[in-house]
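Let's take a walk through a protein together.

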Amino acid sequence: MSSDDGGQTPYMDLAGLEQDAAPGPTPPPGTRSSTEPPSGARNRRTGTVVLAGLAAAVAVIVVFSPASGGSNASVARAVDDTNTQEQVDNGAAERAVAALPVTSEALAALPQATTKGTVPNAPQDPAPALHTGGRIVHPSVTVPVYAAPGGQAIAALPPQQHFDGAVSDTSVPIIAEKPGWAQVLLPTRPNHSTGWIHLDDPAITTLHSPVRISVDRERFQLTLFRDDAAIGRWTIGVGKSSAVTPAGRTFVLGSILEEHPTYSPVILPLGAHSDTHMSFGGGPGTVGIHTWPSADVFGRAASDGCVRVPRDALDEIARTAPLGSVVEIS
């Protein structure tokens, strides 16, 4: 493991993620099955139009009913995200841009979008303080990452992330969308790197996480949200002044169960890196969420950049937050 200390085996892969409502390829093993409303009930809009003709005016009244089917709020939101996104350009609907072809040789030569990689030409996150919609991308095979829709490929996103012997499925959050495309956060250096994924690629599955994590460094507070409702809040420890915990939005990149824990039974590496340390214990300097043997670290800035949380907080986050869930650090 490449955060503060070491890790060995995977703890969680795609557990907890909800299959996105958009039609797509069969999800990989470990993906939670969709609870999408039955076909024909998804995102249905019905309308009654009443026309009253008068000599001087015509009144048109359209009444819409809510989307039917599916009691799960997060699934309903995923349905809305998929079926109601319309972008208008000069009064005309924007059309999807085709992806430039990338040969297998060219794909293999691209920088790897992993916690150990660097993508020097990656676009930076344009709004690192904004919430996301909870949508997540998971590739079943290595896919190209582009600088822009229809632009050049700048990186290769593999289906798994490797942490010195441990493996987690790759799940990256969507921060913006255009027809047929999604801008995602990348787990590489430099921090706040992003790229565009072609959603029409059959290797791409879109999922949804109802969970997000907020880290307030000044107040030493971590809050866990589900569907924007706080379900847990704890006093935590953060990076010291010489190795601050990097601000901005990142995400839960992996989940590792320690076979022989020395300080934390579970480590959750994030998609962010220390700006001070290029390496932790030989790894790439990945920042993570983990607990600590003594409680005196909570409420203090004393770590090398990782977020230290109480044991009950770690248990709840590891149980609740799927891979790809956004972590907002302020």
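The side chains of R212 and E328 are joined by a polar contact of 2.9 Å. That term stands for a pair of N or O atoms within 3.5 Å; within protein, one must be able to donate a hydrogen and the other to accept it, and residues adjacent in sequence count only if both atoms are side-chain atoms. R212 also makes a polar contact, side chain to side chain, with D228, at 3.3 Å.

Before going on, a word on what you're looking at: this is a predicted model, where local features need pLDDT of at least 70, side-chain atom pairs count only at pLDDT 80 or more, and totals for chains, interfaces and linings use all residues. Residues are numbered from 1 along each chain as its sequence is written, and side-chain values use heavy atoms, with hydrogens and water left out.

Back to R212. You'll find R212 in strand β16 (residues 211–216); helices (H or I, at least four residues) and strands (E, at least two) are DSSP runs, numbered from the N terminus. Is R212 buried or exposed? R212 has a relative accessible area of 14%, so it counts as buried. The cut-offs are under 20% for buried, over 50% for exposed and partly exposed in between, with a 1.4 Å probe and protein chains only. Leaving out residues up to four places away in sequence, R212 touches several others, among them H131, T223 and V326. Touching here is contact, meaning heavy atoms within 4.5 Å. R212 also lies over the face of F225, 4.1 Å from the ring centre. For a charge to sit over a ring, NZ of Lys or CZ of Arg must be within 6 Å of the ring centre and within 35 degrees of the ring normal.

The structure holds 2 aromatic pairs. Rings of Phe, Tyr and Trp (its six-membered ring) pair if their centres lie within 6.5 Å; planes under 30 degrees apart count as stacked, over 60 as edge-to-face and the rest as tilted. Y146 and W181 make an edge-to-face pair, 5.3 Å centre to centre with 85° between the planes. This pair ties together distant parts of the chain, 35 residues apart: Y146 sits in strand β8 (residues 143–146) and W181 in strand β13 (residues 181–185). Both Y146 and W181 are buried. Y263 and W292 form a tilted pair, 5.5 Å centre to centre with 50° between the planes. Here too distant parts of the chain are linked, 29 residues apart, with Y263 in the loop between β21 (256–257) and β22 (266–273), and W292 in the loop between β23 (286–290) and β24 (301–303). Y263 is buried, at 8% relative accessible area, whereas W292 is partly exposed, at 24%.

P101 lies in the loop between β6 (92–93) and α2 (104–109). The C-alpha atoms of P101 and P144 are 9.3 Å apart, although 43 residues separate the two along the chain.

Finally, zoom out. The chain has 3 helices and 26 strands, and 48% of its 330 residues are buried. Of the contacts with a separation of 6 or more, 67% are between residues 24 or more positions apart.
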